[in-house]
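This report is meant for a reader who is new to the structure shown below. Please keep the sequence and the model in view while reading.

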Amino acid sequence: HYGKFVAEAKFRSETERFTKLIEAKDAVGIMDALTFPKVEQSNCERVREKAATYGTDRWGGEVAWRVDPDAIVRIYTDCMSFTKDVQ
C-alpha cells in the first residue's frame with residue numbers, strides 16, 4: 001500500500017520525532033506529524049482542476065458536467081485520510 005511507503009519516508013526524515021511519538025503512543029501527535037495542510041490543499045486544488053477539465057463535455061460552446069469536480073475532491077480527501085490511517 002502506498003501509505004506504507006510514505007510513512008517510511010516520513011519516519012526516516014524525522015526518526016527522532018516519530019520515535020518519541022510512537023513510544024508515547026500519541027496517536028494525535030502522529031497524525032499531526034503526518035499531515036501537511038498546505039500540500040493537501042494544493043493537491044485538492046489540482047484534483048479539482050483536473051476533474052473540471054476532464055470531467056466535462058463541450059459541444060457547440062456548451063459545457064456539460066459528466067462529473068461534479070467537488071465530488072471528486074471529496075473522494076480524494078477521503079482517500080488521503082485512508083492513506084494517513086495506513087501510515
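Which residues does V73 touch, not counting residues up to four places away in sequence? V73 touches C44, V47 and R48, where contact means heavy atoms within 4.5 Å.

**Basis of the description**

This is a predicted model, in which local features need pLDDT of at least 70 and side-chain atom pairs count only at pLDDT 80 or more, while totals for chains, interfaces and linings use all residues. Residues are numbered from 1 along each chain as its sequence is written, and side-chain values use heavy atoms, with hydrogens and water left out.

V73 has its place in helix α5; helices here are DSSP runs (H or I, at least four residues), numbered from the N terminus. With a relative accessible area of 15%, V73 is buried, a class that means under 20%, whereas exposed means over 50% and partly exposed lies in between (1.4 Å probe, protein chains only). V47 is 26 residues away from V73 along the chain, yet their C-alpha atoms are separated by 6.3 Å.

R48, one of the residues that V73 touches, also forms a salt bridge with D70, with the closest N and O atoms 2.9 Å apart. R48 lies in helix α4 (residues 37-54) and D70 in helix α5 (residues 69-86), so this pair ties together parts that are 22 residues apart in sequence. R48 counts as partly exposed at 36% relative accessibility, and D70 is partly exposed as well, at 34%.

**Salt bridges**

Side chains of opposite charge can pair when their charged atoms come close.

| Salt bridge | N to O distance |
|---|---|
| R17 and E14 | 3.1 Å |
| E16 and K20 | 3.3 Å |
| R48 and D70 | 2.9 Å |

E16 and K20 both lie in helix α2 (residues 15-23), where they are four residues apart, about one turn of the helix. Both E16 and K20 are exposed. In the pair of R17 and E14, R17 counts as partly exposed at 39% relative accessibility, and E14 counts as partly exposed at 30%.

**Where α1 meets α2**

Helix α1 (residues 2-13) and α2 pack at an angle of about 110 degrees, with their axes 5 Å apart. That makes α1 roughly perpendicular to α2, a label given to angles of 65 to 115 degrees. The axes are lines fitted to C-alpha atoms over the stretch in contact, and the angles run from 0 to 180 degrees between N-to-C directions. On the α1 side K10, F11, R12 and S13 take part, and they meet T15, F18, T19 and I22 in α2.

The structure holds one aromatic pair. This pair is formed by F11 and F18 and is tilted, at 6.5 Å centre to centre and 50 degrees between the planes; rings of Phe, Tyr and Trp (its six-membered ring) pair if their centres lie within 6.5 Å, and planes under 30 degrees apart count as stacked, over 60 as edge-to-face and the rest as tilted. F11 is partly exposed, with a relative accessible area of 28%, whereas F18 is buried at 5%.

Technical notes: Salt bridge = Lys/Arg side-chain N within 4 Å of Asp/Glu carboxyl O. Helix = DSSP H or I, 4+ residues; strand = E, 2+ residues; numbered from the N terminus. Parallel < 35°, antiparallel > 145°, perpendicular 65-115°, else oblique.
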